[in-house]
Amino acid sequence: MLALMALLALQEKSAEEVTAITNVRVITVAKGDLEGATILVKDGKIAEIGKDVKIPPGATVVDGTGLTAMPGFINPYIAFGMSRGGGSGSTPQNLAFDEFNPALDIYEDLPRTGFTTYGIAPAGGIISGQGLVMKLNGLGKEGMVVSKSAFLRIQVRADSGTKDTLRREFEVVKKHVEADLKY
């Protein structure tokens, strides 16, 4: 499956080409398993999947014998490979991207889970920083990261300290927005 994802990721880099991956076992959601199917990729996206897919002239044909393709799941929140830092402070400027290391052993096992896209959160306090979104495509750190600043991790606890911190931070943001509007 990892080899198939790498093939698809490489296809995305040359979007003007058409690639047909033939003889693939495809696990579908609605149609069961398709043995010996073809996946047609156009403009960097899957255009057609099936046993009777017509391959256009000039398409690059890749033999996918022994490969399996299936829909990928999205895990919106993990902290694999991130430090265990904590605290009660506010560090919204922290980027999980700065700490993200796809060379760690844990990332070798992730393709077997069925998840292909991950939201990776930074460690920290109440407002711990900005999480990233990455795809398992084997293209290195810069190629894997879809967005360096996809979400802001806010850890809400049922205590007055959390409420006070959030109130202070939202007041700071409000002042910045008001200043920008005046400018």
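User: Which residues have the most contacts inside the largest nonpolar core?

Analyst: This is a predicted model. Its largest nonpolar core has 14 residues. Those with the most contacts inside that core are Phe-100, Tyr-107, Tyr-118, Ile-120, Leu-132, Met-134 and Leu-136.

User: Leaving aside neighbours within four places in sequence, what is Tyr-118 in contact with?

Analyst: Tyr-118 is one of the residues with the most contacts inside the largest core. Contact here means heavy atoms within 4.5 Å. With those neighbours set aside, the partners of Tyr-118 are Asn-75, Ile-78, Leu-110, Thr-113, Leu-132, Val-133, Met-134 and Leu-136.

User: Is Thr-117 buried or exposed?

Analyst: Thr-117 sits in strand E7, residues 115-120. Beyond its neighbours within four places in sequence, Thr-117 touches Phe-73, Ile-74, Asn-75, Val-133, Met-134 and Lys-135. Its relative accessible area is 9%, and buried means under 20%, so Thr-117 is buried.

User: How does strand E1 pair with E2, in the parallel or the antiparallel sense?

Analyst: E1 covers residues 18-27 and E2 covers residues 33-42. Ile-21 has Ile-39 in E2 as its bridge partner. In the hairpin, five residues lie between the strands, and Gly-32 takes a positive phi near 70°. The two strands pair over seven bridges, and the sense is antiparallel.

User: What is the bridge partner of Val-26 in E5?

Analyst: E1 also pairs with E4 (residues 60-63), in the parallel sense over four bridges. There, Ala-20 has Val-61 as its partner. Two bridges join E1 to E5 (residues 68-69), again parallel. In E5, the partner of Val-26 is Ala-69.

User: Why does the salt bridge of Glu-35 with Arg-25 tie together parts that are apart in sequence?

Analyst: The closest N and O atoms of Glu-35 and Arg-25 are 3.3 Å apart. Glu-35 lies in E2 and Arg-25 in E1, so the pair ties together parts separated in sequence by 10 residues.

User: Which residues do salt bridges that share partners join into one network?

Analyst: The structure holds three salt bridges. Arg-25 meets Asp-33 at 2.7 Å, N to O, and Arg-25 also bridges to Glu-35. The network therefore joins residues through shared partners, and a salt bridge needs nitrogen and oxygen within 4 Å. Its members are Arg-25, Asp-33 and Glu-35.

User: Which residues make the nonpolar surface patch of about 390 Å²?

Analyst: Phe-170, a residue of H5, belongs to this patch. At 54% relative accessibility, Phe-170 counts as exposed. The patch is made by Leu-152, Ile-154, Val-156 and Phe-170.

How values were computed:
Residues numbered from 1 in each chain as written. Predicted model: local features only at pLDDT ≥ 70, side-chain atom pairs only at ≥ 80, totals over all residues. Heavy atoms only, no water. Patch = residues over 30% accessible without salt bridge, like charges linked within 9 Å, V, L, I, M, F, W, Y side chains within 5 Å. Areas by Shrake-Rupley, 256 points an atom, 1.4 Å probe, with all protein chains shown as cover. Salt bridge = Lys/Arg side-chain N within 4 Å of Asp/Glu carboxyl O. Buried < 20%, exposed > 50% of the residue type's maximum accessible area, 1.4 Å probe, protein only. Pairing = 2+ DSSP bridges. Core = buried A, V, L, I, M, F, W, Y, C linked by side-chain atoms within 4.5 Å.
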